[in-house]
Structures are given as C-alpha cells and as structure tokens.
Amino acid sequence: MTLANDNTTMHNMANNPKELTLCLKKICFQAVRKHFAAVGTEAVLGLPTPLIKDLLPYLTVCQLDELQPALNQRGVSTHSEWIGVLQDMSGPNHVTDFDTEEEAKHEVMRMLFTLVFYGFTNPFVKRNITNLNTPSFLWAAAKCIKHFLLTTPVESLTAERRPLLNLLEKRIWSVGVSQNIDISKRRTQSALYVLHRLLDHGVAKKVVVHVQCPIVLAWILHGRGSQYVNPDLKDLLNSKKASCISQAASASEDGPSCGSGLGTRASEDQVTPCKRSKLDSAEQSRKANFTLDPQALCKTFSPRDGPSAGACPWGRIDCLDISQCGSDSLRVLNSALPTFFCLRSLTLHSFLTFRDSDVLSLARALKQLSESSRSSLADLSVSVLPCTRLVKVLLDASPNLTSLQAEIQTLMWGPRLLPHRPRTAESDMSAELLPLEKLDIKVAELQTDLSFVTSVLRRCPHFTSLHLAGMRLPTGSSLSRLFTTLSESNPLLRSLNLEDLKLSDCLPEILNLLRDCKLEELLFNDCRLVECWSNKEESLQRLVAALKAVPSLHTLSLAQNRLAKNVCVLAELFSGPSPSSVKRLDISSNFIQPAELLEFAKRLRTYRPPHRLNLDLRVNPGDRDPDTWNAALKTLRPFCVLLVKGWSSTDTMADHISNM
C-alpha cells in the first residue's frame, strides 16, 4: 500500500515539474542543514541571494547566527527567520514585536539558553534537541544574552562548563537570583561562587533578587558598594566551620533555609539563624573547608593557574532590584543604604502592601544617603505603597532623583501614621526645584487628590516623561488641571502616558498642550476619550489636526477608547501636504468592525503614510466578518507592519465591555 502511494506521488510529481523542483530544493536544503559543517559557510555564501533566502528557514539557530554577519554585508536580513523561530516556540498567536534582527535573535537565544542550560524543555526544544544540547549552541547563545538567571544547581559551571563561565563573566550585565540559596548547605557554595565570579570578576553591575532571603541579600550586598558590614553575616564569614549554622542545626534538624530576620542585635529584632539538616559523615569530614567568603570560594573552585591566583577584586552593584521585599529584607537594605554610594537604581516590590513604618524607615535611610555628595542614586521604584502621601515622603527624602516610579494601593483599614498637610500653590512656588525627569504613578484607591501630582510637576523644570494610571478624582473634579500644569511648567515633556483615566472633558486643555510641545510619545489608553463628546467625529478631527502639528510625535496610542466607526478619522493623520510623523499607531481594543477597518484601510492607502506604519489592531472583532477583515489586512500590509490578534465574539462579556 505504501509503495503504491509512493509510486502515485512520484507519478504526480513527474507530471508537475514545478512541484518536483520544489521537492528537490527542500531535500537539498535539509541536506545543507544536516551537513552544514561539511558544506562550509563559504559554499553557502557563494549561492545566489534568492537561493540563500529560500534556504534560511531550514537552518538551525546556530547556523543562522554564524551566517548573519556575512549575510548582512550582502544586504540579506535574517529578521523573518528569527521571528519565525519565536512564533514556532510561542505559538502563532503570540505577538512578536521586535523591529530588528538583533532584537529578535537575542530574544530567541535568551529563551533557549535558559531552557537548554537548566534542562527544561518545550515542543521546539524536543524537536531540535540534537542541535541545541551542544556546547557550540550554549557558547553562541551566551554571546547574545545580557542577563543570567541563577537557578540551582549550577555545578556544571565549576566543572565541564567552566569555559562557559569565563565567557559569561565578559557578557553578563545583570544577574537574577530566582531560588533560595540555602547557605547552610555545602553544595550551594557553587552557586555563591558563580555569583562571585559574575559580580566581582565579571562586568555584571545589576542584581535582581526574586526570593525573600535576608541573609543571601546581605551576602550579595557585602563589600559591593556599601561600607556597612552586617554583623550576622560577618560572624558567618569569619567562622571557618560556620559554627553558627552548626548551632542552628543542633537546635532544629528541619527548618526553612532562610531566617526570618537578620542584621540587628536589639531584643526587638532577634536574629533567627539559618537552619540546616544533619550532614552525613562524609560532609562532616569536609566541614573545615566550608566557607562563605568569596575570596576563599574562588581559591576552592578556581584552577590553580586561573584568574584568582591572586587576591580577588570586589565588584560594584549600581542597580538593585528586589522583587520580593519583605520587612526583613528591607531591614538589611536600610542598613546598607546610607553608604551605598555607587547605587544608581533601586527597585523594591512587595506582593503585600508595605507598612507605613517600613516606608518611613526606607525614607530615613534614603535621606542619609542623599545627604552625602557621593550619592549616585537617580532612579527609585517602590511598590506597593499604602497611600499617595508616602510618595512625597520618599521624594523629599531623596530630592536628587531623576526618575521615580510608585504603585499605590490604599488599604481601607488601619491608622495612618502621617499627618495630613495639604499643599497650596504658594507652598509649591516656594519649594525647592527638583531634578526629576520621569514620574510613573499607578494608583488603586477610591479617590486621589490631583494636587499631589501637579505640585510635583511645578517643581520639575526638566521633566520629560509622565505615566499616570488609575487615578480617581473626587466628584466634580477634572484632569484638565493636569494638562494646564504640563503646558505651563513642563516645556521639555517628551512622553505622556495616561491610562485608565477619564479625559473626555479635557479636550480643550489637550489641544492647548499640543499647540506648543515636544511630545514624542502620546498614549491615552482606556481613557474614555470620546465618551462625553456630543459630536465624536468632529471632536476627533480637532484632535487629529492638533496631533498632525506636532512634528516630533512618533508614537500614538488610543487603545481601549471605544473609537469603533470613528477610527476612520485617524487616517487623516497622514493627509495633506504635512502628514503626521507618527510611526507607531495603537488602536487595539476599540471594537472596530471589519467593515470599519476596511474603510480605514482604504483611506490610509489613499493618504499613504510617509513611513512604514506599525499598526496595532489586536483585540478587535475581526471574526464578525473574516473575509472583510482579511481584505482590510491585505490592503494595509503593503505600507503597515501589523500586530493582529483577534478575539472570540462568543465571549459576550468582552464584547460588552469593549463597546461600552
């Protein structure tokens, strides 16, 4: 039966020369992939350019990476092939928004490196495991990645993959700690050694801590910027046999690997030492070599003729991100902050809302740091704060910040420790000017006083970027004051990102801001922009006319604004002798029907944007009329890069919400 089918297939191919040619090409391309090393790059590059383009989808990621520089010199891009790999890995509906082949390649290598290095898998890895589970792939991928996620075990980097560690030292800019490192266990010394190599011998200056383990945080911070020495860590470092850990083991055989508190000696902050399980007799005999000292670790794990033959250098952390910052971790950080002069960026996130007392302690530490002329701290991000007034407390404590990001979720219970001191316009005028350039505030509370934001803006003449989300004003109040303040006080504004706000009553003030501004990005997402406009089309035309007059504007987002049929007006951005300079337009989640998109596409084809337009059409009901929707997409593709991901119109709730 199989032979008969094969004969039929061959007969059909013989009668169809074109199909036979395609089949032979495919066989040849697969052979080149399989025997690439024998064929050689020179032979591949010697092929005609059209044939090379046909070959690229059949190559492995290592082969693509090897050929890419020479192909670029010939004007051949591998961008579509890298995007194809991403879509193969993540699924056809996954949005891959990477403009250059380098960005796409680095994303592929980042995803695959972590999977292959730690032995994880997915369907793509399973299909290509013979090409990926090789030293050559890990070496090629390591050249592309900038962030290394430390997930135990990493013993291979101290053994058969040691050359890879040498390469990572030169390439990795940031290190993430994603699992608790139980420093009571000897086997975790290899993880501490890898951290030491990347932070002290390598070029990594950023640390991202994804776990809540105060003593590990203290070890990471020790000697890498701050002059503070945690007393409990000092005991561990000076103890040749880690005696305090052994004492913890005698107190409890089984327990958590990270203590709940660390760093202070007062009775109110008793230290809970890390606990360990009993060691077997073999490990007991090696206990004398157990150490947490980075210098000693380096001598233990490095070859005798390696780079640690002499004294090890100490690295400097200039960017610290603690994504699970509990009170104990914050206590460790607060002790180190006053002398952490090299720290430029600090990000703190807690899954639970920070307590007022925790934030006030952080503010005191930041105040001590800011009072030194050696302080470098410029960027601060804190979430989640219990009230908006604490944002002002942090800003006053660290007045030299150029960027501040905060997320606020107001609790409906518990006393507030801060007295309420309302600001006035007079006090704003007399307040000292701030160097702040970027402010990002996300709010989840019933009501927010807008004067909290406008008072800050009036003090920031160099302000360039504002992101506000979720603010709910008292009844009868309007966000129009925000636009007035921006017009009057912030002439250097480049990026304005407003999200989940009500702007339908602010059109005059928006138009006034656009008359004389240097905006490059304008995002009004889920802002109920047209909600109260009596004549939606006419008002939108006025907005479009004002936007066209901003020559610096390259990114515009009006997502989730119920534009629906009024979307056609946006095509006029590119009409006339002075079209808009917008290169990215986001009109996703606007309940745009297929017929309305087709009309928009026809108008846009008539006006033809001067640049290839990145157009985001996601989450619009294209499935209402697939033929019309596809016709619209076909019309747009010659001059647009489309981001398209539909929805299911059977989801009546999403339908209702998007058309409200």
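My entries on helix pairs and the core follow.

Ground rules first: this is a predicted model, so I kept to the cut-offs of pLDDT at least 70 for local features and 80 or more for side-chain atom pairs, while totals for chains, interfaces and linings use all residues. Numbering runs from 1 along each chain as its sequence is written, and side-chain values use heavy atoms, with hydrogens and water left out.

**Helices α6 and α8.** I looked up α6 (residues 61-73) against α8; helices here are DSSP runs of H or I, at least four residues, numbered from the N terminus. Their axes (lines fitted to C-alpha atoms over the stretch in contact, angles from 0 to 180 degrees between N-to-C directions) come within 12 Å and cross at roughly 160°. That makes the two roughly antiparallel, a label for angles over 145 degrees. V61, D65, Q68 and N72 of α6 meet E101, E102, K105, V108, M109 and L112 of α8, contact being heavy atoms within 4.5 Å.

**Helices α11 and α12.** Here α11 (residues 135-142) and α12 (residues 162-171) have axes within 10 Å, crossing at roughly 10°. They are therefore roughly parallel, meaning under 35 degrees. L138, W139 and A142 of α11 touch P163, L164, L167, L168 and R171 of α12.

**Core.** Which residues touch the most other members of the largest nonpolar core? I found F148, L496, F524, F600 and L636, out of 189 residues. Such a core joins buried (under 20% relative accessible area, 1.4 Å probe, protein chains only) Ala, Val, Leu, Ile, Met, Phe, Trp, Tyr and Cys through side-chain atoms within 4.5 Å. Helix α8 (residues 101-117) gives the most to this core, 8 residues. Among the residues F148 touches are F113, F117 and L168.

How values were computed: Parallel < 35°, antiparallel > 145°, perpendicular 65-115°, else oblique. Buried < 20%, exposed > 50% of the residue type's maximum accessible area, 1.4 Å probe, protein only. Lists of a residue's contacts leave out its neighbours within four places in sequence.
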